[in-house]
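Me: I'd like to learn how to read a few features off a structure. Could you walk me through some?

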Amino acid sequence: MARLKKRYWILLSIVLLIMLLSLCVWQYWLSFKDKYHLSTDWHGISVSFDGLSIDEITVSQPSQYSLTAKNLLISLSLLSADELDIYWQSDDKTVIDTTQKEVVETLDQNLNQDVNQAGDDASSISTILYWLPSKIHVDSLKFYTQNNEQFNVKIDITKQQDVIQLVMSTNSQYVAKLSANLQFNTTINTTEPRIDIQNGLFTTTVHQFGIENGQLNLPFSGWINRKRLSLSSLDNASISLAKANFFDDLILANSSGNLTFQVESAIPFDNNQLSATTQLVINKLNGIYKTSEIKSATGNINFVVKNNQFTISSPALNIQEVNMGLSLEKIKLAGEYFASINAPDKGIISWTKAQASIFSGLIFLDKSKLNLAKLPQQLNLKIKQIQLKDIFTQYPAEGLAGSGAIDGNLPITLLANKKKGGTIIEPVIKKGQLTTTQDGYLQFENSALKSYVQSNPNMKILADIIKNFHYTKLSGTVDYANDIAKLGLNIQGSNLDVENGKAVNLNINLEENITKLLMSLQLSDQVSEPIRKRIEAHLKRKSSK
């Protein structure tokens, strides 16, 4: 009987303890609710040895936000919910900004009230950690703004001494997972306790937003306090894309690389207090820009944000080939672009290397820079040792052959042209110069020329001369504007088999729409289906105007 009474007393003591704790929590909740002007609504409450169960509870602040939890279970060891829906209801940005500002000002006042505030915070954190359940599980946490779902995630939190293990994963087609260990640290700076983020890992597989089979593996660490957030990569993050169509002009395919970063930001976020450094190592990149095909780009790209400005730079970027109708090969680039975040298209671009191989020769830009905020700007494109033989081989015409090497200089002026939809930069060339560096020959004879001579006998001597014309000088002028290129050639030489090799001076003027020419060259070659469709769509738009 004594043992039975003792058991009853133990059970009764436990029940009384639960009741006392419940009363304390209830009083604290009432105080908290009144302080922040919260309203609550719940139904289906029950108490058992498993803890406090609530079928549904809603906590809200009028015209601001509401939080609804379903199948909520609260105990000393577990806090779980099947659904946790957060609705941000205010559509007035002024209210949001004002509320945020008031919160920040309140925090700043609290920080400056007393030097011992940090000790109180540390004590509060320790208390929260002590009473925090060992496990927290939410099957579905949804966040809404203006009744539109922004994200839906599953959350698991496990407490181990002073470390909290956090795991989040998405409940949607967008597959992503975030895990990290959170440790409350009050020893680094006694005036500002912080949370250290350790062993963080973000992984995702994307099949949305124009991306097909995009994969990102990002290990990171960092810390956060009430004023700042700092994140940095632990090891090289890996990124790969099977295909990505970010916007109409750019498609990436079969691309991969590695990423390192370091980011520091104020809380709340402020562009002027954002500092970020990112390095992207491109292992492989292929893609299409407008109607140009990009093959096998490799190299390093650095991205730096500081003081509301950003810099994109590359010490070495190599591209195997860019095919725009003319094939540019072995492209080598080194330079940077610097601009304000508020005016990203008004920056300064500078380079130490910009060159490409074409027709066994070279085109390049000397070291220089351009200020896109102060157009017009000028640069000089240099041409060196381009081989006529290679031009005629890659783009053959019936009965046409030749040899020789060409040098040149094309002064390019960049102009701001205002069009519907915004301002675009257009290149203009005036009085560009071409010249040969050595003697060469031109040979031209085909059925069309023979038919022309038969109907125009006066052209027979010229036709005979150009059958095997050896030149001693070939020079030309180049002008370009509004897609139209004009080429004026002066060729001096002779044909030893015609009129005893009499010296001949030929002047030839050519005019061509470069955009249409390049597109026709692409269509006559074996181009990829996306480029073919883009070219056909472009030509269709032009013909409909």
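Predicted model: local features only at pLDDT ≥ 70, side-chain atom pairs only at ≥ 80, totals over all residues.

Me: Which strand does Ser 327 lie in?
Reply: Ser 327 belongs to strand E17, which covers residues 327–340.

Me: Is Ser 327 buried or exposed?
Reply: Relative accessible area tells you that, and buried means under 20%. Ser 327 comes out at 14%, so this residue is buried.

Me: What does Ser 327 touch, leaving out residues up to four places away in sequence?
Reply: Contacts go by heavy atoms within 4.5 Å. On that basis Ser 327 touches Glu 321, the partner in the polar contact, along with Val 322, Ser 357, Ile 358 and Tyr 395.

Me: Now a helix residue. Where is Ile 461?
Reply: Ile 461 sits in helix H6, residues 460–465. Its relative accessibility is 44%, so Ile 461 counts as partly exposed; the class runs between the 20% and 50% cut-offs.

Me: And which residues does Ile 461 touch, with those up to four places away not counted?
Reply: Val 498 and Glu 499. Val 498 is 37 residues from Ile 461 along the chain, yet their C-alpha atoms are separated by 7.8 Å.

Me: How do I read the chain as a whole?
Reply: Begin with secondary structure: eight helices and 28 strands. Then look at burial, where 33% of the 545 residues are buried. For contacts between residues at least 6 apart in sequence, 45% join residues at least 24 apart. Finally, the chain exposes about 33800 Å², with 56% of that supplied by carbon and sulfur atoms.

Methods. Residues numbered from 1 in each chain as written. Heavy atoms only, no water. Helix = DSSP H or I, 4+ residues; strand = E, 2+ residues; numbered from the N terminus. Buried < 20%, exposed > 50% of the residue type's maximum accessible area, 1.4 Å probe, protein only. Areas by Shrake-Rupley, 256 points an atom, 1.4 Å probe, with all protein chains shown as cover. Polar contact = N/O pair within 3.5 Å; in protein donor to acceptor, adjacent residues only side chain to side chain.
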